[in-house]
Amino acid sequence: MNDPVVAKRPAGSGDPGAARGVAAAPTASEAPIPPTPEAPETPKAPHVRPGDRIFRGLATGSGVFIVVLIGAIGLFLILQAIPSLGLDQINFLTSREWNTSDPANLRFGILDLLLVTVIVSIVALLIAMPIALGIALFLTQYAPRNLARPFAYVIDLLAAVPSIVFGLWGLFVLGPVLYPLSEWLIDTLGWIPIFAKGNVNVQLGGTIFTAGIVVAVMILPIITAVSREVFDRTPRMHVEGAIALGATKWEVVRTTVLPFGKAGYVSASMLGLGRALGETIAVMIILSTTSSAFGWSLFDGGATFASKIALAAPEFNDTRSAGAYIAAGLVLFVLTFVVNAIARSIVAGHKEYE
Amino acid sequence: MSTNLADPTRLATPPTFQAVSLSRRIKNGFATALVWGAFLVAIIPLVWVLYTVVQRGFPVILDGDWWQKSLSGLLARQQGGGAYHAIYGTLVQGLVCGIISVPIGIMIAIYLVEYGGRSKLAKATTFMVDILTGVPSIVAALFIYTVWITYAGMGRSAFAVSIALVLLMVPVVVRTTEEMLKIVPDELREASYALGIPKWKTIVKIVIPTALSGILTGIMLALARVMGETAPVLVLAAYAPFINYNLFSGPMASLPLMMVNERNNPTQAGFERLWGAAITLVLIITLFNLLATVISRVLAPKTK
């Protein structure tokens with residue numbers, strides 16, 4: 001208990017305990033007691049209690065911990081990946097082969113994983129971005145005032161559904177429903193490479209197309225939530241000014257809300273992209289694996305970084321083979337790090353969002 | 001003068017304002033329809049997913065055995081048994097994760113709001129929390145795999161899963177706690193300082209209790225989120241169809257892991273276990289979400 005210290009404070013007004021070192025660095029946020037006004041006696045520096053010092057240390061330590069943690073994630077993944085990268089018989093970045101079954105002869109390259117990951121994410125983003133924009137505008141501008149909150153809650157519920165449930169739904173329910181549409185797209189637009197007949201059985205639904213749609217549903221809530229927050233901050237005066245000029249609802253949105261929130265919306269979409277890149281279990285369950293290379297079609301199967309790692313994870317038994325997957329994980333980490341950092345820096349550049 | 005009064009509706013000048021032109025009205029109506037449409041489109045998958053889960057899983061969980069028995073000794077095609085082992089695993093792994101994450105998360109938030117100010121470290125911390133929010137769960141799992149299993153030489157266990165979940169839970173706790181601490185009025189802090197209370201005691205006894213309902217709500221939501229995570233359990237724990245109470249060794253089931261395991265089981269029993277586990281997981285997560293709402297209602301600071 002530090003109560004005695006507290007009790008001593010008023011009585012010990014003449015307490016000489018103020019160390020010179022402490023007096024030299026009085027930080028505004030630290031001072032628990034406003035600096036003593038010009039007293040007739042010698043000015044006293046604020047007394048730092050031991051409890052304060054410990055608590056401050058704990059709090060600061062936790063802050064340092066998280067910074068160190070991110071560094072450690074990168075460091076340990078690199079440490080673990082390097083030996084396997086050294087053993088890799090083929091080029092890690094430009095090869096499409098992935099064979100780690102023989103640790104003495106590792107052959108792994110990430111090009112196919114990278115392409116599939118990026119295509120799934122782009123499909124998801126292309127679907128989710130316009131819908132999320134619509135929802136964010138709906139919730140902030142169009143929805144009846146008293147219903148806006150419950151409606152927003154409903155959208156947030158999408159984020160509460162576990163990824164594995166979305167995956168099962170995508171494979172067993174959505175996949176079969178999408179089959180006629182996929183077939184039609186292949187038949188009529190098959191001459192365009194991205195709609196060409198893919199390397200997996202379309203009837204099973206385990207295509208990039210299905211995975212992209214499911215991931216789009218999963219990233220909707222994050223894009224919506226961040227955009228909504230920014231749209232909500234549109235200065236009232238701008239909106240009222242537009243209304244006073246006789247603008248219709250849509251013109252108000254187009255001339256005030258959208259220009260103000262554009263950067264926030266882009267940032268929100270980048271956050272969504274980060275989520276999509278790292279989405280693991282839903283994609284793992286949906287995508288049919290295939291041994292043939294990715295052929296630029298939406299109806300291909302394959303594996304993303306995350307799904308490849310998740311599929312192999314239960315069988316990690318050799319450090320060297322595991323290292324190959326960790327190298328892939330490292331690339332994914334760097335990719336999401338960069339995307340998230342860009343998203344944050346966009347918002348950080350706009351002081352009006354704070 | 002009298003002529004003006006005779007017709008009060010007569011305009012002094014020709015009308016300046018005109019009705020909104022047809023094209024503008026069409027555009028406006030079109031935009032309104034699109035925006036409503038976007039919302040309705042987003043509702044479809046939500047309702048569809050929930051309907052699928054309830055329709056396929058609900059009959060399974062009505063059986064009392066589901067909540068009390070494991071799948072120990074049952075063959076893949078044998079019906080019966082339950083998900084007790086998996087429910088236990090999910091709750092315990094979540095709970096242990098919470099016990100570790102909550103103090104760390106709250107201390108980081110306290111640092112950011114009460115001590116950090118605009119210092120370089122505070123900025124770095126905020127940035128890193130943001131980055132950690134975006135770290136894919138599979139990367140967090142791989143990190144713990146490297147540290148805990150490769151370097152520390154420990155085996156796969158439920159505890160390793162809990163630590164991996166900590167990485168995913170801490171940023172959520174930090175964010176919500178930070179928001180809550182920020183809205184505690186400065187007057188409360190200053191009043192406390194004026195009475196000669198040390199800063200740490202002000203934080204523990206004044207600031208945190210004021211923000212408590214919001215912090216607890218955030219913790220419940222974070223718990224709901226991590227319990228549905230599958231990637232860490234897949235990498236860091238092996239599945240066991242029986243009950244294992246030991247957190248530190250041996251395979252332990254959890255609901256997501258049970259689903260991953262049963263998804264390739266083509267029998268009726270497999271179908272029931274798969275969707276039974278799905279609805280159980282959704283129910284647990286819903287329960288924690290409801291708890292969050294209740295806490296925020298009941299414990300909210302009284303305002304006049």
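Colleague: How do you know how much confidence the predictor places in chain B and in the complex?

Modeller: The model is predicted, and its scores come from the predictor. Chain B averages a pLDDT of 89, on a scale from 0 to 100, and 93% of its residues score at least 70. For the complex, the predictor gives an ipTM of 0.88 and a pTM of 0.86.

Colleague: What makes up the secondary structure of chain B?

Modeller: Chain B has 12 helices and 0 strands. Its pattern along the sequence is accordingly α-α-α-α-α-α-α-α-α-α-α-α.

Colleague: Why is chain B called more spread out than a compact globule?

Modeller: The globule rule gives 19 Å for 304 residues, whereas the radius of gyration of chain B is 28 Å; the value is well over the rule, so chain B is more spread out than a compact globule. Along its principal axes, the C-alpha trace of chain B spans about 105 × 60 × 35 Å. Of the 304 residues, 48% count as buried.

Colleague: What share of the contacts in chain B joins residues at least 24 apart in sequence?

Modeller: Among contacts between residues at least 6 apart in sequence, 74% join residues at least 24 apart.

Colleague: How many residues bring chain B into contact with chain A, and which element of chain B gives the most?

Modeller: Contact requires C-beta atoms within 7 Å. By that criterion, 72 residues of chain B are in contact with 71 residues of chain A. The elements that give two or more residues to the chain B side include α4 (84–116), α9 (199–227) and α12 (268–298) of chain B. α2(B) gives the most, with 19 residues. The chain B side divides into 51 nonpolar, 15 polar and 6 charged residues.

Colleague: What makes B:I144 buried or exposed?

Modeller: The cut-off for a buried residue is 20 or more other C-beta atoms within 10 Å. B:I144 has 24 such neighbours, and therefore counts as buried. B:I144 lies in helix α6 of chain B. Apart from residues up to four places away in sequence, B:I144 touches B:A160, B:I163, B:A164 and B:L236. B:I144 and B:V161 are 17 residues apart in sequence and 8.3 Å apart in space, C-alpha to C-alpha.

Colleague: On which side of the cut-off does B:N289 fall, buried or exposed?

Modeller: B:N289 has 20 C-beta neighbours inside 10 Å and so counts as buried. B:N289 lies in helix α12 of chain B. Leaving aside neighbours within four places in sequence, B:N289 is in contact with A:A160, B:L221 and B:A224.

Colleague: Why is α11(B) described as largely enclosed?

Modeller: 8 of the 8 residues of α11(B) are buried, so this helix is largely enclosed by the rest of the structure. Among them are B:L255, B:P256, B:N261 and B:E262. What covers the buried residues includes α6 (163–189) of chain A together with α4, α10 and α12 of chain B.

Colleague: What makes the backbone of A:W296 worth a remark?

Modeller: A:W296 has a positive phi of about 70° although it is not a glycine. Most residues other than glycine have a negative phi. A:W296 is found in the loop between α10 (281–286) and α11 (305–312) of chain A. With 12 C-beta neighbours inside 10 Å, A:W296 counts as exposed, since the cut-off for that class is 12 or fewer.

Key:
Residues numbered from 1 in each chain as written. Chains lettered and ligands numbered in written order. Predicted model: local features only at pLDDT ≥ 70, side-chain atom pairs only at ≥ 80, totals over all residues. Contact = placed C-beta atoms within 7 Å. Helix = DSSP H or I, 4+ residues; strand = E, 2+ residues; numbered from the N terminus. Nonpolar A, V, L, I, M, F, W, Y, C, P; charged D, E, K, R; others polar. Rg over C-alpha atoms; globule rule 2.2 N^0.38 Å.
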